Amino acid sequence: MNSRTTLLLFLATVLVGGAIVGVERYLPSTRELKELRKGPLNFDSATVDRIDVELKGSPTLLLQKKGFRWLVKEPFEDHAAPEKIEGLLSGLAGIEWVEKVERDEFGVEAWKQTGLDDTRLSVTLKAEGQTVATCEFGVAAVLDGSVYLKIPDASGTGSAYYVARTSVPAMCQSGAAEWRDSKLLRLPEESIKQITLSQAMGQIALARDSVKTPWALVKPLAT
């Protein structure tokens, strides 16, 4: 083998090695890709019974499930709007990855601009006292509709950083009062078997045996 061939093989080896290092550094591994396909936060929303929302400059928002109802426990106590809870949980489960970010790719000032060292928003999900998912959101990233995101890494001892698309920060920007349940009464229609209307002149009562049977007038006379 002459020196020219040796040199070409050496250069080819260097290029291939550099490409491998680059791929391993900037592209997700097979394990990471598998996790990305499942979503960034893998949790069973049916088991979640507590949500902590920490928004910079605002009081902590604590949402807790009691039976089948969600309640606002902090900064006040009231019933929580179930559709907002459902929207938040589905938004967290549906976070879309854009790319992984390595901390050492940024200089000190550039990293500060991601907002991940001074978290604007953090959300923690718990089930029976155990944390099942947690994430922190930084500022908006350069890609439209994306933000910087921080979550625990696969080892659980460090952090992983990503650019991700999600509607969660927008959901959490509203004040705590927006999480109150605006409906005074929430009952499934099929559970209602009797309705009574009372006034000074007397009562009107309607009843039915099941959701499939028609309503019958019970008072002031049965018909």
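Student: How many residues does the hairpin that joins β3 to β4 run through?
Tutor: Bear in mind that this is a predicted model. In it, β3 covers residues 69–74 and pairs with β4 in the antiparallel sense over 2 bridges. V72 stands opposite D78 in β4. The hairpin that joins β3 to β4 goes through 3 residues.

Student: And in the hairpin of β2 and β3, which residue takes a positive phi?
Tutor: β2 and β3 are antiparallel too, with 5 bridges in their pairing. Their hairpin has 2 residues between the strands, and the positive phi, near 70°, belongs to G67.

Student: What is the bridge partner of L62 in β3?
Tutor: Stay with the pairing of β2 and β3, which runs over 5 bridges. β2 spans 61–66, and the partner of L62 over in β3 is E74.

Student: Zooming out, which are the edge strands of the sheet?
Tutor: Walk along the order: β4-β3-β2-β1-β6-β7-β8-β9-β5, an open sheet of 9 strands with antiparallel pairing. An edge strand here pairs on one side only, and that picks out β4 (78–79) and β5 (96–101).

Student: Which helix packs on that sheet, and what angle does its direction make with that of β1?
Tutor: Look at residues 82–93, which form helix α3. This helix touches β1 (50–55), β2, β3, β6 (121–127) and β7 (130–140).

Student: On to the rings: is the pair of W111 and Y161 stacked or edge-to-face?
Tutor: The structure holds 3 aromatic pairs, W111 and Y161 being one of them. Their centres are 4.9 Å apart, with 85° between the planes. Since planes over 60 degrees apart count that way, the pair is edge-to-face.

Student: Why does that pair tie together parts that are apart in sequence, and by how many residues?
Tutor: W111 sits in helix α4 (residues 108–112), whereas Y161 belongs to strand β9 (residues 159–165). The pair therefore links parts separated in sequence by 50 residues.

Conventions
Residues are numbered from 1 along each chain as its sequence is written. This is a predicted model: local features need pLDDT of at least 70, side-chain atom pairs count only at pLDDT 80 or more; totals for chains, interfaces and linings use all residues. Side-chain values use heavy atoms; hydrogens and water are left out. Two strands pair if DSSP finds at least two bridges between them. Helices (H or I, at least four residues) and strands (E, at least two) are DSSP runs, numbered from the N terminus. Contact means heavy atoms within 4.5 Å. Axes are lines fitted to C-alpha atoms, for helices over the stretch in contact, and angles run from 0 to 180 degrees between N-to-C directions. Rings of Phe, Tyr and Trp (its six-membered ring) pair if their centres lie within 6.5 Å; planes under 30 degrees apart count as stacked, over 60 as edge-to-face and the rest as tilted.
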